[in-house]
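Colleague: Hi! I'm new to this one. Could you walk me through it?

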Amino acid sequence: MATPNYSYEKRQRELAKKRKKEEKAMRKTSGGHDQSEASPEGDTPGGDAPAPGDTGAMPPAAP
């Protein structure tokens, strides 16, 4: 039987803690608004809205 890889398990726990801490900080900086709720306009994170700075226009084709 293989031995458990404790260092891998520890690293995964540390990453989970870090992720949770970052999410908490993001919630705190967003003014206490829950990101899982949809805004009144219907915009949702990761939806069909263009990325910031994305005009949606294609660059002109080279002749």
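**A first look at the chain**

Modeller: Happy to! Of the 63 residues in the chain, 0% count as buried. Keep in mind that this is a predicted model.

Colleague: How much accessible surface does the chain have, and what share belongs to carbon and sulfur atoms?

Modeller: The accessible surface is about 6,500 Å², and carbon and sulfur atoms account for 56% of that.

Colleague: OK, and how many helices and strands are there?

Modeller: The chain has 1 helix and 0 strands. The helix, H1, covers residues 6-29, which makes 24 residues.

Colleague: What distance does H1 reach from its first C-alpha to its last?

Modeller: It reaches 35 Å, close to the 34 Å expected at 1.5 Å a residue.

Colleague: Switching to charge: which residues form the positive surface patch?

Modeller: That patch is made by Lys 20, Lys 24, Arg 27 and Lys 28.

Colleague: Where is Lys 28 found, and why does Lys 28 count as exposed?

Modeller: Lys 28 is in helix H1. Lys 28 counts as exposed because its relative accessibility is 73%, and the cut-off for exposed is over 50%.

Methods:
Residues numbered from 1 in each chain as written. Predicted model: local features only at pLDDT ≥ 70, side-chain atom pairs only at ≥ 80, totals over all residues. Heavy atoms only, no water. Helix = DSSP H or I, 4+ residues; strand = E, 2+ residues; numbered from the N terminus. Buried < 20%, exposed > 50% of the residue type's maximum accessible area, 1.4 Å probe, protein only. Areas by Shrake-Rupley, 256 points an atom, 1.4 Å probe, with all protein chains shown as cover. Expected span 1.5 Å × (residues − 1). Patch = residues over 30% accessible without salt bridge, like charges linked within 9 Å, V, L, I, M, F, W, Y side chains within 5 Å. Salt bridge = Lys/Arg side-chain N within 4 Å of Asp/Glu carboxyl O. Lys, Arg positive; Asp, Glu negative; His and termini not counted. Charge placed at Lys NZ, Arg CZ, Asp CG, Glu CD.
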